[in-house]
Structure formats: C-alpha cells, structure tokens
Amino acid sequence: GLVYDRLGPRISCLSAAVIVFCAYGMIQLGVIRHITAHWIFDTSFFFVGLGSGLGYIAALGSTTKNFQSSRHFSLAIGIVASGYGLSSTIVGLSYHAVGLNRFFLLWAVLVAFGNLLGSCYLVVPNEDEEKTNEEEMDEEGANDSLQNNANEEVPSEAHRSEQIFAAEWNDWREKDFWLLFFAFAGCTGCGLFIINNISTMVQSIQGNDSFAAKLVVLLSLSNFSGRLLMGFLADLPRVSKMVMLASTALVMAAALFLSAMAQPDSASVCLIITVALIAAAYGGTWVLVVGILSDFFGNHNFGKNYGLIAMGPALSGMLFNTFSAWTYEKYTPIDSEVCLGKNCYYMSFLLTGSAAILSCMVSSLLECSRRQSSVLGNT
C-alpha cells in the first residue's frame with residue numbers, strides 16, 4: 001500500500017511483475033530439481049503474496065481514483081475484484097491442464113504479463129497534478145495548528161516535515177477506522193474459515209471427493225457473483241454501504257448457524273447453502289470496504305489504508321482456523337486421521353457465527369456514529 005501511494009500504479013505493477021515472476025520461478029525450480037528445503041518454498045510463497053497484493057492494490061487504487069465521480073463506482077470495483085473470486089477455479093483448471101511440472105512456470109508468466117499490462121494501462125488522471133494538490137492539502141492541514149498564535153515563530157523545515165508526516169497518518173488515529181477494521185476482519189475471517197476447511201468439512205459429513213470438488217466450484221462462482229452483485233447494489237441511490245456490510249455479516253451468521261444445527265441427514269444440503277451464502281457475502285465485503293474507505297477517508301492514502309484493513313482477514317482467519325484445527329483434532333479418534341460427525345466443526349461454526357454477529361453490531365455502531373457526526377456537522 002505504501003509503495004502504491006508513494007510511487008503510483010506503474011512502478012507498483014512493474015515491481016509486482018518482477019517479484020511474482022522470480023518467486024514463482026524459484027518454486028518451479030524447486031519442483032523440477034526436487035529441492036526439499038522448506039525455507040525456499042516458504043520464502044518464495046511469501047514473495048508471491050507480496051507481489052500479488054501489490055498488483056491487486058494498484059488495480060483497485062487506480063479504479064477508485066478513475067471512477068470516484070462515477071455513479072457506477074462500486075460496480076467498477078466489483079468487476080475488477082471479481083477476477084479474484086474466480087481464481088480458485090481458474091488455478092484448479094490450469095493445474096489439471098498442465099500438471100505440476102509446468103504449473104508454477106505458467107503462473108509466473110501469466111501474472112508477470114498481467115502486471116506488465118497494468119504498468120502500461122493503469123493510470124490515474126492528472127496524476128502529477130493530483131499529487132501536487134494532495135501534498136498542498138496535507139501541508140495546509142499541517143499548518144493549521146501552527147497558525148493559532150500570530151506571534152509564533154515560523155516553523156523550521158524539519159518541523160514542517162514532521163507536521164506533514166503526521167497529517168498523512170491521521171486516518172489511523174480515528175476511531176472509525178478501527179471500527180471498520182474489526183467489522184471487516186470479522187466478516188472476512190468467517191469466509192476464510194469456510195474456504196480453508198471446505199475439504200475436511202466434506203470428509204466430516206462422509207462426503208466424497210467429487211462433492212468436495214463441486215463445492216469448490218460453487219464457492220468460486222458465488223464469490224465471483226457476490227462481488228458483482230454487491231458492486232451493483234452499492235451504487236443504488238440512498239443505499240448505505242455500512243448497512244450493507246452489516247447485512248452481509250447477518251447473512252454469514254445465519255449460514256454458519258445453519259450448518260452448526262444441521263442434522264446428519266441434511267448436513268450435505270446445509271453445507272451447500274452455507275458455502276454459497278458465505279462465499280457470496282465474503283466476496284461482497286471486499287467490494288464494500290473499498291467504497292467505504294473512499295467515502296470515509298478519501299483516496300489520497302488509499303493504498304496504505306487498504307493495506308492495513310486487509311491485514312484484518314489475515315489475523316481473524318488465522319484465529320478461526322487455529323481454533324477449528326484444535327477442535328477438529330480434539331474429536332478425531334486416536335487411531336484415525338479423519339474426524340467424522342457433527343462435533344468436528346460444531347464449535348467452530350458457533351464461534352464464527354458469533355463473530356459475524358459481533359461484526360454486524362460493530363458495523364451498525366459505525367453507521368450510527370457517522371450519521372450522528374453528519375447531523376452535528378449540519379447544525
């Protein structure tokens with residue numbers, strides 16, 4: 001996010017192309033030569049995530065600035081983000097098509113090529129002029145506090161730079177930013193819990209591999225559709241994005257509690273409904289948060305703000321998946337590696353469902369806070 005804010009989309013995409021190509025290339029080399037050093041793969045996958053995130057933020061940030069005045073702003077974000085929703089299906093199909101020996105090389109080329117295209121075509125209108133204007137706004141904001149006393153000494157250049165730096169990080173000092181952080185983390189963590197455990201969930205209800213594969217496709221398509229649908233809905237007049245975020249959290253909670261209470265004879269149907277609803281809501285939250293960040297905090301520091309907000313799912317996802325792994329192992333027989341029955345994920349469904357309810361409450365609190373601030377500002 002900081003790279004995008006400071007250097008713009010072109011440098012971000014070029015950097016992403018180089019980082020991802022080299023990282024995937026190292027993984028491919030390790031596969032071909034049967035390298036067993038885990039640190040090489042761990043490091044390479046870390047840089048794959050780093051480069052991919054950089055390119056993704058560049059695409060979202062450029063779209064945000066190009067469409068900020070358009071009545072189809074959220075739909076544009078939804079279209080850009082929808083490709084991520086189809087990624088699991090596309091990656092799976094490509095793996096079956098080329099096999100492991102060429103899989104990482106294929107994606108090294110594809111991702112690098114996509115980012116190179118982004119470096120050519122992702123532009124921000126009047127980028128240099130906008131940067132100058134935004135720097136002037138930061139400088140003016142930093143100087144406001146220095147003009148209260150007419151007899152104050154003229155601040156030094158170093159002091160002025162410190163004030164400008166502080167103004168750039170003001171968003172992170174606001175209560176609303178952290179309320180949004182926790183609301184978003186709660187929703188997306190629930191989605192990651194389903195995404196990361198879908199195969200073992202199928203095993204726990206004694207489903208076969210074919211059923212698991214169909215659920216993965218359903219998850220991918222629902223994720224894709226949710227991003228497009230949420231983009232369309234968020235552009236409707238008089239629609240509050242925070243209310244929609246709270247609504248998606250309620251949908252997630254209902255879906256998770258449904259699977260928690262499912263009986264053995266209806267577990268498969270309930271899991272299908274849960275996967276479809278969770279994936280659609282999960283995809284929709286990623287679209288909503290872009291618009292909310294833009295509405296609340298502007299686009300000047302979008303990369304930095306979005307980068308921190310995106311850390312929420314990583315933290316909540318790790319928490320929920322750690323808990324689910326612990327409960328799964330707790331109910332797995334000593335002489336088996338597979339857990340069967342309702343207890344395998346019952347507590348995990350309850351935990352994530354409760355987290356979704358909490359996320360809905362935080363979203364509602366933030367919406368009330370913003371409306372109250374708006375009313376007070378107009379009086």
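Helices (H or I, at least four residues) and strands (E, at least two) are taken here as DSSP runs, numbered from the N terminus. By that definition Gly 341 falls in the loop that links H13 to helix H14 (343-378). The model is a predicted one, in which local features need pLDDT of at least 70 and side-chain atom pairs count only at pLDDT 80 or more, whereas totals for chains, interfaces and linings use all residues. Residues are numbered from 1 along each chain as its sequence is written, and side-chain values use heavy atoms, with hydrogens and water left out.

The protein chain contains 14 helices and 0 strands. Along the sequence its pattern reads α-α-α-α-α-α-α-α-α-α-α-α-α-α. Of the 379 residues in the protein chain, 44% are buried; buried means under 20% relative accessible area, exposed over 50%, and partly exposed in between, with a 1.4 Å probe and protein chains only. Contact denotes heavy atoms within 4.5 Å. Among contacts in the protein chain with a separation of 6 or more, 80% come from residues 24 or more positions apart.

Two packed helices are described by the angle between their axes and the distance between the axes. The axes are lines fitted to C-alpha atoms, for helices over the stretch in contact, and the angles run from 0 to 180 degrees between N-to-C directions. Angles under 35 degrees count as roughly parallel, over 145 as roughly antiparallel, 65 to 115 as roughly perpendicular and the rest as oblique. Helix H8 (residues 175-204) packs against helix H13 (residues 311-330) at an angle of about 40°, the axes being 7 Å apart, and H8 and H13 are therefore oblique to each other. The contact of H8 with H13 comprises 11 nonpolar, 12 polar and no charged residues. In this classification Ala, Val, Leu, Ile, Met, Phe, Trp, Tyr, Cys and Pro count as nonpolar, Asp, Glu, Lys and Arg as charged, and the others, Gly among them, as polar.

H8 also meets helix H11 (residues 267-297), with axes that come within 10 Å and cross at roughly 155°. H8 and H11 are therefore roughly antiparallel to each other. Their contact has 20 nonpolar, 4 polar and 1 charged residues.

Within helix H13 lies Ser 324, which is buried because its relative accessible area is 1%. Leaving aside residues up to four places away in sequence, Ser 324 touches Phe 193, Asn 197, Tyr 345 and Ser 348.

Gly 341 and Gln 263 lie 78 residues apart in sequence, yet their C-alpha atoms are 9.8 Å apart in space.

The cysteines complete the account. A disulfide is a pair of cysteine sulfur atoms within 2.5 Å, and a search of the whole structure finds 1. It joins Cys 339 to Cys 344, with an S to S distance of 2.0 Å. The link of Cys 339 and Cys 344 is left-handed, with -95° about the S-S bond. Cys 339 counts as buried because its relative accessibility is 0%, and Cys 344 is likewise buried, with a relative accessible area of 0%. Cys 13 is buried, with a relative accessible area of 2%, whereas Cys 22 is partly exposed at 48% relative accessibility.
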